Amino acid sequence: MVKPCKSQWHRNTAIFTTLALIFFLNISSALAQLDGKKIYKANCRSCHYLDDKSSTGPGFQGLSGKHPDKEWTFKWVKNNVSFAKTDSKAAEISKLTTNTMTVFEGVLTDDEIKAVIDYLYTNPTEEKKVDVAKGGSGATTSEQEGGINPLYLVLVVITVMLIIISALRSVKRNLQNTYNEKHGLPPLEELNWRQWCSRNKRTVALIVIVTTSYGLQAGWYALKDIGVYTGYKPEQPIKFSHKIHAGENGISCEYCHSGVLKSKVAGVPSANVCMNCHKGIEQGPTTGTDEIAKIYAATGFDAATKTYTKTPQPLKWNKVHVLPDFVYFNHQQHVVVGKQECKTCHGDLTQMDVAEQVSPLTMGWCIDCHRKTEVPGMKDNPYYEDLHKKLAEKYSGQKDSIITVARMGGIECAKCHY
Amino acid sequence: MGNKNKYWKGIGELTENPELLKAKESEFAEQLPTDIFASDAAAEVSSSRRDFLKFLGFSVGAAALASCETPVTKTIPYVFKPEEVTPGVANWYASTFNDGNDYCSILVKTREGRPIKIEGNPNSKITKGVTNARVQGSVLSLYDGARFKTAMAKGAAADWKDVDAELSKAIAAATASGKSVRVLTGTVLSPSMRSAIGEFLSKTGGKHISVDAVSQYAIRKSHLNTHDKLEMPTYHFDKAKIIVSFGADFITNWVAPIEHSKGYGIGKKINKETANNLSNHIQIESTLSVTGSNADMRMACKPSEIGNYVVALYNALSGGSLPVNGKVDEKGIAKIAEWLKANKGKSLIVCGVNDVATQSIVNEMNKWLGNYGSTLDIETSSNYRMGNDDDFTSLVKEMNDGKVGALIMYGCNPVYTAASSGFASALSKVDVKVSMNTAPNETTAVCDFVCPDHHYLESWADANPRKGHYSLGQPTIQPLFKTRSAMESFLLWAGNNSSASDYIKWYWAKSVFPMQGKYMDFTSFWNYSLHDGVAEIGTDVMLKMEEGKKEDKKKEETKKEEVKTAVTEEAPKTNKMDVSAAAAMIAAEKSAPIELIIYEKTGLGFGDNANNPWMLEFPDPISKVTWDHYITMNPLDMKGKYAMLERQDMIGDMATITVNGKSATLPVFPQPGQARGTIGISVGYGRTALGKVAALAGGFNAYEFVGTNNEGTMHYSAPVTVSDATGEKFAFACTQQHHTMMGRKIVNETTLATFTSVEKQHWNETEMVTMFDSTGGHTKVEPTKANLWDDHKRLGHHWAMAIDLTACNGCGACVISCQAENNVAVVGKEQVAKTRDMAWIRIDRYYSSDMSKDKAHEEGKGSIDMYLEMENPTFENPKVVFQPVMCQHCNHAPCETVCPVLATNHSSERLNMMTYNRCVGTRYCANNCPYKVRRFNWFNYNGNYRFKDINPTQDELGRMVLNPDVVVRSRGVMEKCSMCVQRVQEGKMKSKVAGEKLHDGAIQTACSQSCPADAIVFGDINDTNSAVAKMAADERMYHLLEEVGIQPNVFYLTKIRNSDEVVSHEKHQNKEEHKGSEEHKEEHKEEKKEHA
């Protein structure tokens, strides 16, 4: 499970590129507006596809033809349960399947529902999955499987050179001895290594200096790596693939990790969240029924009768991103207030089959970001109004006038340690 | 100028005690604990330099190897997550605390389904959002490993079904043999519980008897004399301008301390405009109580003399001439009478003596003053302290006669609390003995069956503390053990299978819902009541209903035979006592040369929570002693007989006291203010069957000394003989060793008359510092202007705290609240004795001293003599002040500049931050802190085996009380008050998410939230409209040790004592200043000479 140590340089460049890429992507991404597509992805996609394939619910292909009345659709989406009581058509549809559709009243605003209906009535199609199918090499992969580590190349070259040198030396020596013998000169004396050392002091000193400094450098980096688990990618009790769920199916991160909007922890979703969809979806594209059956076992679900009959068994997941106990980190602060994207820290999960830690999660890494980042959510938030005005005044004359997290006090000890 | 004066460190040095002189030679007063780190065994093993290098190499290698392996952390999410739970976010539930002693409507903070903190419920009109130390500590008792894990039969764990079956068989057998069934409880405030007990008794026949650990039955009984009602009045301390208390410690123990301390605090919270509303409190008592130490005027007398004071006051008020036995302070009484007469209807007289005669006269006085209906209310009466001493005495008689077949005990521990009444021996004559206590105690140890109740945080409950005021309690966690709600047990035995929640709902639908007029249907009434935690019903409607009910009841009662569900209303109608008869009874009481007074401690109360380590380590607000049981005695009585614990000496003498042939040997603690010729000992100690922590505290059961007086009520004082020192020594663990302020402005105090009539500089002068300039001249400047550092311009919030010392009554709710909120470790007696207690907030208590600078000046005393005498408090009757001290978050903090690793530094919001993971434990900061508020972790208290029995976090269960948002500190790091930075961050976050400005009061620290007197106020001082900004601008404001110039962010407000005396410091201070400047001039002259 543990990857071999990688060169620090490689890692740093990779992280930096990732961060920089994500940073630019962030800035370019449009801020909050009613994007029907987004709402669809976050709320509907988990049960309805855009094509005619049915998932937990039916596919959306040809929706505008089936239910031409947008008003009717709106009522259905808003609260299908109460609507079915008053509307005959709705009552009929609700009887088609045992799965009841989520009631979105209170979850989505009226405007949001309207936006998503508008979007769906444009007859959108599924996005092509070319990227996903290729399993493309994202910016995060700093090393490719099958590639040769340059260090080994150097070692091989050095070994070959050493062999050549020693061979040449012995050839030279033999020739000299033969020559000496012919001319009656004494043969070259056999030097043991001590004698050799004492005669070649400069070479010895050079070797010592080089090896010591290399050793110290290697030691230094090794020490810096203690407790840093970039690339940690533990096997999980269920072969859950983020690539399939978040990538191919486009389920938004917040759907499962709902704590991210409300709490300091994003949270590993409880098994009942899986069951929202997997009550209907019994088979996966890669592992068939094996892995999904594990969810059923955990929740005590009997797939044959579609009822929860057995004793639930909690799942023990392996935590990927582990912060030390003395660090307080709050997701809500970063995602809701600071409007940061998940991938800024977690990498592009839509490309990962197994979740992996891509950021070092060191304090230096946190602080670097806090020093560079201007908080996008700050300007419109009345909470920051006064502070923002005062800070803008304070830094207005300066070359670098952006109000970063650090300038608001975001690198003070007691913001994360208490 | 060489200093030729010799200063002594202690009395021992002055008298040239050879041991001390020897000890003086070494640098440290006590040995550094090197033995722990390098024991003899370790020293014997010789290790060479080579070995060292080997070890070094090995450890580096091991560390490198270990670091290659990623530690696997498991995370186990819910299988089915409850809708209302979001991991990482706290849920709050309204509930009710009631242990038979304290009642409090509370909010319980739960994280991931476990309760971790208690706060007051602001919706309650009774407790108004406040708590006390015991309620704060009650959350820890939930996680007490000593609790019963399941039902017990004959001392062994048993199945509930078997116990129920055996029990009903045994009860049936007992009743069949003609014996009766009795249910003995503490005060049951829950109407549903009383109803459930009624159901049970209607099946078996029998009687419900209430008993209180510390009885106040005389108050009820005296109202039978004066008002024809066996009821407890409701006291409104907030409405009283003059409060006279005869031995009632109403702030921390008497009747309803939480309610009273809130009300009392309102009368003490003033500003310049409302200064004349300051209440005037007179206390006449024997041992120095928390209430007495807050009094504006206090008189100390023997317990047997309190009655005389009451009669004397009655005479002075009514002009009567009832007989007064012995001498009383006539002048004081006349003054009190004068004040009372001027404040008719706005005064309140209370009495803590459990004596019907005394209480009756107190009632008469309140009646005469027209206080009934304004400051105390017998119509809207309270239900606290239902214990009926008469009933209890007859029960013991019945038991002794072998007439009781089955005794079921719930919410009481009579084997311990009624130790003097022969209850234990009487109990052995009962056939079936059942206790329903949650945790083992002295009673459960001798019971046949134990049917453990849930902890109150696990169960449904309701309460009716006052007429028309109801509150609900709901479970905040699944039961930890196989316990069963006591209500369900009673119902089950009565053949009713309903659950506690259903039964309470049924009861409320039947009895509470019809009384209110706010909600149309029961479901919404129930839901809102459960949400709010309380249901306050209009008193008028309720009273009408009550009357109607009474008539119904009378009709019913004629039908029913022996069933009694509650003790109210129907007590034996004794012959009424008139005032002269009462006075005669009081006059007949004899005084003894030495009298014992039995009192309750603030932490332990009546003793139910004696296995709670928080409460045991909680320093007594007055003596500041932790953990131990002791005898309090006036130092003047101790002189020459016992060690006086002077000057930081904490080794005391033991003495044996004997009351009625029972004796106990306890250490003697000098207590200034203790009435001469009296000693005090507290209840709650000497536990035999509670648990490991209670056993550590030791002591003696003071309930053994409780007597009964003529009227049959429990009597909490007795004549006593005290032996000389036994020769045995005892080391106290005391958190405060200097008891006076030595003439410094630590607690600034003035009188009301001074405050209202004299300019500020006469009573709250800013300490000035002298600044020299380059020309050799000097000026006096404010300390804030003499700076080593430049001020930073800081934007945004500026957190600050203001503490009103007039309102603070020293009760210590903040101390336990802070401990619960911030995971403060319990360290045990041994460590406290080494001044290693970990409390982040402490309450300093200072006594006044007879010596003052003025007095020394008049008497021509030198400074050494003066300061020596200043160290001694006034022994007879000192004035007492309290001052909560936590980290002052100085803007120019001295701790920050000395930290070599920058582990402590300042935030842009002006908090002094402490970073544990950066701290290397040099302790420079603690040495440089003038307030001594930094605490060092000498051990890993959460893991070290030495603290296994002491620290609750060392077992799986106790650990559940920890606040997950605060780091548990490990060995070798410094810690201190963080101004609850986790709450500050949470509050800010809520505003950010809501997209609104942070409003004042949205963030409260643990101490400010739990303060019953609103003495501690927290907020953003940059918000000029905030409460804290207003307090900081008050002319009463001063900083602690202002002259050091470190600009603290804690603002203290001068204590105002209600007195007509005008005290001005001006004259004295001017003189000193003058003298000071002369001295400086001389110095300069000398310097100039040298230069020349």
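Residues are numbered from 1 along each chain as its sequence is written, while chains are lettered from A and ligands numbered from 1 in the order in which they are written. Because the model is predicted, local features need pLDDT of at least 70 and side-chain atom pairs count only at pLDDT 80 or more, whereas totals for chains, interfaces and linings use all residues.

Colleague: Which element gives the most to the side of chain B that touches chain A?

Modeller: Contact here requires C-beta atoms, placed from the backbone, to lie within 7 Å, and on that basis 44 residues of chain B and 48 residues of chain A take part. Helix H5 (49-68), strand S1 (74-75) and helix H34 (981-994) of chain B each supply at least two residues of that side of chain B, where helices (H or I, at least four residues) and strands (E, at least two) are DSSP runs numbered from the N terminus. The element that gives the most, with 6 residues, is H34(B).

Colleague: In S1(B), what is the bridge partner of A:Trp317?

Modeller: Strand S3 (residues 317-318) of chain A and S1(B) pair in the antiparallel sense over 2 bridges, pairing being assigned if DSSP finds at least two bridges between two strands. Within S1(B), the bridge partner of A:Trp317 is B:Thr75.

Colleague: How many of the residues of H14(B) are buried?

Modeller: A residue is buried if 20 or more other C-beta atoms lie within 10 Å of its own, exposed if 12 or fewer, and partly exposed in between, with C-beta atoms placed from the backbone. The buried residues of H14(B) pack against elements of chain B including helix H9 (217-227), strand S10 (242-246) and helix H22 (579-588). H14(B) is mostly covered, and the number of its 13 residues that are buried is 11.

Colleague: Which helices of chain B each supply at least two residues of the side of domain 2 that touches domain 3?

Modeller: In chain B, domain 2 (226-382) and domain 3 (620-731) have C-alpha centres 27 Å apart. Their contact takes 13 residues from domain 2 of chain B and 17 residues from domain 3 of chain B. The helices that each supply at least two residues of the domain 2 side are helix H11 (290-293) and H14 of chain B.

Colleague: Which strands stand at the edges of the open sheet in chain B?

Modeller: The sheet has 4 strands in the order S41-S34-S43-S42 (chain B), with mixed pairing. Within this sheet, strand S34 (residues 799-804) and strand S43 (residues 1050-1053) of chain B pair in the parallel sense over 4 bridges, and the bridge partner of B:Met801 in S43(B) is B:Val1050. Each edge strand has a single partner strand, so one side of each is left without a neighbour in the sheet, and these strands are S41 (1016-1020) and S42 (1037-1038) of chain B.

Technical notes: Two residues are in contact if their C-beta atoms, placed from the backbone, lie within 7 Å. Domain bounds come from an automatic or database domain assignment.
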